[in-house]
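Here are some notes to read beside the structure. Please keep it open while going through the points.

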Amino acid sequence: MCRLKLSFSRGDTQGRISSKRMEMRSVVCGVALLVMLLSGVQAFLPDGSGGNTHVTITESAVMQKISEVCKAVTEAEGKEFKPMGSSVEELLRACLGSATGQVSAAKFHEALNQIYMENSLVDRDFMVSNPHHFNSESFSGGRTLITQGMAAIKANIHKGSFQAARETLGRVLHTLQDFYSHSNWVELGNKKPYPALIRPDLTISNIADFYTPTCRDCASGTCPNQLLPFIMNRKKLTSGYISLFSAYKPQGKCSHGGATDLSSTQNPRGGISKDERRAHNADLHDTAVSLAMEASLELLEDIRGAAGNKDYLRLMGITRSSVLCFVIDTTGSMADDIAEAKRVAYNIIDSKKGTQDEPSEYILVPFNDPDFGPLIRTADPDVMKAEISKLGANGGGDAPEMCLSGLQLALTGAPASSHIYVFTDAPAKDTHLEKTITALIQRTKSAVYYVLTPSKRSARSVSSQAREGFQLYYDLALASGGQVIKVSKADLPRATDIIIDTSTSALVTILQKARDPGSVESFPFLLDASVSNATVYITGDSLKFTLHSPSGVSQADSAGKGSLAVIQTVGNLWRVRLNSPIETGLWNISIVPTQAYTIKVTGQSVNTFIYNFVEDFEGPHPGYAVIYGRPQKGLPAKLLLTVTGQKGAKALKVQEVALVEVSGSRLADGVIQEMSGGNFLVTVSEVPEGEFVVMMKGEDVATSSRFQRQSTTQMSLSNIIIRATVNSTLLPGEDFILPFTVKTNGTGGTYTITIGNDRNIPLTYNTKLNLVSGVSTESTVILKPPANTTSGTDVTVTIAAEGPGGADSNYAVLRLSVLKKVTDLTPPVCEIVRVSGICLSYCTNYTWDLSVNITDGSGSGIEDISVQQGRGNFSQEAVVDGGITVVMGLYSASCCAPDVTLSVVDKEGNVGKCSYSVQRSGGVSLSLSLPLWACLLLSALNTMRDVLLLF
């Protein structure tokens with residue numbers, strides 16, 4: 001298929017009952033599940049051509065399935081699901097409910113983009129891999145990528161590793177969609193997706209063998225159907241061969257086709273790819289698009305069944321608010337402070353509990369010396385408080401502690417763009433992780449806040465070298481857009497407000513600057529009508545400042561409660577909370593320092609943006625790919641920027657995007673190219689030499705007020721390029737070889753390679769590589785996860801390369817998944833045994849019941865049974881019948897809730913379902929299949945026979 005390009009460019013759904021079917025006291029009865037095909041999809045053309053791509057097909061399927069799940073969840077709660085518009089933002093608000101308050105769609109967009117971006121990378125990273133595209137009759141390999149990928153996704157979700165699951169999902173959907181464009185499935189007259197592609201218990205059959213010719217010659221390359229009559233009559237499955245480097249292909253085989261496919265110049269010429277909609281293949285192309293969409297929906301429905309509605313929505317990034325993440329020092333030197341740290345954490349949790357800002361998840365990472373972790377996550381605030389209460393101060397000994405190791409766990413375990421709060425009183429011992437932490441900060445765009453309570457002992461133990469002291473924390477906080485709050489134990493509770501401020505929902509950064517050495521300067525910033533709870537934070541000692549409003553009113557730092565703001569001090573931090581209502585327009589703050597300082601202006605607003613640096617690439621399907629490291633020096637920097645607001649991107653007008661220095665004053669404007677769906681491609685020709693962030697200015701059309709937003713994570717350029725791809729999963733107890741390449745466009749020489757991971761898995765790799773400028777050098781790293789590693793565990797691997805003398809460096813961050821061998825391939829069986837109750841048109845006073853028998857036969861066993869759709873109650877009882885465990889379930893509901901879908905998941909993630917509907921006009925739904933009618937009739941006759949025998 002055509003290049004996904006991140007939505008822009010350059011130029012039988014019911015599973016059949018499997019071998020697990022067993023004889024029960026009742027007859028097995030199935031009900032079909034219908035999947036609606038989203039209309040309007042017309043093409044796989046490259047983005048910018050007016051057609052659809054992998055990304056747009058994926059986006060349409062993902063959004064439709066989210067809407068279905070949100071509707072089911074909302075209606076199960078007795079509420080109405082009614083989006084006020086068609087935008088992503090309005091869907092999110094309808095899904096979360098109108099009482100949610102300010103909900104930014106930024107994290108929703110980030111989660112979706114993780115899927116779309118990995119989807120797009122398949123065309124670059126696996127350009128010549130036949131299985132990834134079902135090219136060259138690689139059906140077995142392609143199907144294995146899909147089914148193993150699905151197993152990994154389900155295991156990741158079960159472990160709470162949602163980002164790893166999203167990335168795999170993006171790649172799997174690309175391969176699945178390519179089957180319908182690159183094979184002859186459509187030409188064979190099939191009107192439904194091929195179920196064997198996502199069902200590991202089924203087999204792909206009737207494939208044309210290697211020596212069987214499949215196509216006739218087409219000199220023009222525009223023949224409607226090149227397939228030989230033998231292939232058509234025997235329904236043989238084939239796909240086009242493709243070669244980018246030679247014209248070879250097996251004799252008589254079809255080619256993929258296209259200008260870059262050299263095999264298409266050899267007889268039989270032409271190609272059977274349906275990537276592009278042309279006059280000769282329009283109908284075939286349209287059908288391929290429709291089947292790719294329907295197949296994507298079926299795969300997503302299977303993932304939903306395994307995950308359950310709640311976790312499926314978390315997978316898609318739908319949460320009320322941000323994650324609250326604590327990293328807490330538990331060494332002996334914290335004995336005086338840890339009780340206060342606990343109280344601070346309790347107060348923060350309690351202040352948000354039951355409110356619109358209640359976190360969607362809590363994460364805790366304790367660290368000591370030499371131990372650190374484990375990472376603890378929960379959605380229950382009381383569980384988190386209980387975990388925090390278990391913390392005690394012990395161990396340590398020397399002042400430096402394993403702070404960066406704990407932070408590494410938090411950065412890899414928390415969602416992207418999280419705010420992480422580190423409580424410690426000592427510098428870091430594990431400073432060798434500095435580059436890894438910097439790479440993770442830039443990769444995740446998370447902000448790190450340090451709450452320091454330095455003891456006299458730790459202060460005396462700090463080396464005179466700044467890198468070994470607290471300066472490292474200041475550097476990391478600045479690089480991430482966080483802050484360092486240095487307080488005494490007595491002042492620690494006063495830091496609570498700062499954490500509450502920064503862990504709120506819909507938080508945006510309006511301005512962030514740093515000055516070292518400190519200089520007298522005025523900082524202007526725009527506040528628009530959408531901003532509430534605007535706050536200015538200044539860190540530094542012995543400074544003076546004056547705040548100026550747009551109307552000319554001023555307030556000095558000495559006025560604690562003034563006409564413009566309430567000013568508080570917490571250790572080295574000034575907190576300036578602007579009074580409400582906030583005056584819109586251009587504000588200004590003048591600072592007169594004596595030392596280094598930082599300034600940050602934040603607020604709450606749903607108007608914001610997310611971004612990624614991208615690069616273009618060539619090949620059969622050229623396009624853009626996300627850069628998971630630092631952008632390249634010597635080239636214009638390109639960003640994909642997504643804007644989001646209350647009513648969607650259409651209500652915001654982007655006027656300026658620039659790269660700006662945080663520690664300087666240089667600003668580099670970008671050229672803005674508007675795409676679709678709130679996406680903008682921004683090209684910056686003259687990039688700042690040092691660290692920079694992204695600034696966006698524009699106008700809110702609804703309020704006619706100008707706005708300003710700024711990213712928080714500092715970025716820089718590099719001459720080093722590191723490439724690595726995730727091609728498969730890791731097996732517990734076995735070596736996994738991860739290839740990568742390193743290239744420099746700068747000075748050649750001996751480069752230092754540092755590779756780490758967040759699971760302490762042993763690594764084997766070369767620590768030195770000799771690079772020649774402009775030439776890629778290949779290398780590998782070998783990982784061997786322990787034999788007892790749980791399926792679904794995600795492993796974040798960081799590969800860093802540093803040039804001679806440390807003058808240049810770059811990194812690559814990859815998420816791998818551990819997956820044990822799956823031996824149970826068949827889904828559980830859910831049998832409808834009996835339906836009772838009559839539903840009349842007046843439904844309020846009537847109920848109906850559904851009895852089911854559920855079994856996994858001799859498989860891995862039932863893991864979970866849930867009501868996927870419906871507003872009734874489900875009860876169950878397990879019995880053993882002939883050595884097989886059978887779960888007898890009873891679903892009861894009001895006749896006003898006539899529909900139900902039960903989802904049954906075994907321990908390997910295989911999904912079985914029961915679906916049923918009743919009519920309110922009286923009796924059973926007429927849409928039931930004939931076998932189910934027969935089943936119910938037979939059940940009734942058997943009951944009558946049993947009654948007559950009593951007499």
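1. Start at serine 542, in the loop between β9 (532-539) and β10 (544-548). The model is predicted. In it, serine 542 is not a glycine, yet its phi is positive, near 55°. Its relative accessible area is 55%, so serine 542 counts as exposed. Most residues other than glycine have a negative phi.

2. Lysine 445 also deserves a look. It sits in the loop between α13 (434-444) and β5 (447-452). The charged end of lysine 445 lies over the ring of tyrosine 611, 4.9 Å from the ring centre. Arginine 443 is placed over the face of tyrosine 628, with 3.8 Å to the ring centre.

3. Next, the peptide bonds. Most are trans. Glycine 373 and proline 374 are joined by a cis bond, with omega about 5°. Proline 374 belongs to the loop between β2 (361-367) and β3 (376-378). Serine 580 and proline 581 are also linked by a cis bond, with omega about -5°. Proline 581 is in the loop between β13 (573-578) and β14 (585-592).

4. Now the aromatic rings. The whole structure holds 20 aromatic pairs. One of them joins phenylalanine 210 and tyrosine 211, edge-to-face, with centres 5.2 Å apart and 85° between the planes. Phenylalanine 210 is partly exposed, at 42% relative accessibility. Tyrosine 211 is exposed, at 72%.

5. Tryptophan 848 and tyrosine 916 form a tilted pair, because their planes meet at 35° and their centres are 5.8 Å apart. Tryptophan 848 is in strand β34 (residues 847-855) and tyrosine 916 in strand β39 (residues 911-917), so the pair ties together parts 68 residues apart in sequence. Are these two residues, tryptophan 848 and tyrosine 916, buried or exposed? Both are buried.

6. One aromatic cluster is made of Phe134, Phe139, Phe179, Tyr180, Trp185 and Tyr194.

7. Helix α6 (residues 162-182) has 21 residues, which should span 30 Å at 1.5 Å a residue; its end C-alpha atoms are 30 Å apart, in agreement. In α6, 21 of the 21 residues are buried, so the helix is largely enclosed by the rest of the structure.

8. α6 packs against helix α8 (residues 282-307) at an angle of about 145°, with 8 Å between the axes. Their crossing is right-handed.

Note on methods:
Residues are numbered from 1 along each chain as its sequence is written. This is a predicted model: local features need pLDDT of at least 70, side-chain atom pairs count only at pLDDT 80 or more; totals for chains, interfaces and linings use all residues. Side-chain values use heavy atoms; hydrogens and water are left out. Rings of Phe, Tyr and Trp (its six-membered ring) pair if their centres lie within 6.5 Å; planes under 30 degrees apart count as stacked, over 60 as edge-to-face and the rest as tilted. Buried means under 20% relative accessible area, exposed over 50%, partly exposed in between (1.4 Å probe, protein chains only). Helices (H or I, at least four residues) and strands (E, at least two) are DSSP runs, numbered from the N terminus. A charge sits over a ring if NZ of Lys or CZ of Arg is within 6 Å of the ring centre and within 35 degrees of the ring normal. The expected span of a helix is 1.5 Å times one less than its number of residues. Axes are lines fitted to C-alpha atoms, for helices over the stretch in contact, and angles run from 0 to 180 degrees between N-to-C directions. A crossing is left-handed if the near helix is turned anticlockwise from the far one by less than a right angle, and right-handed if clockwise.
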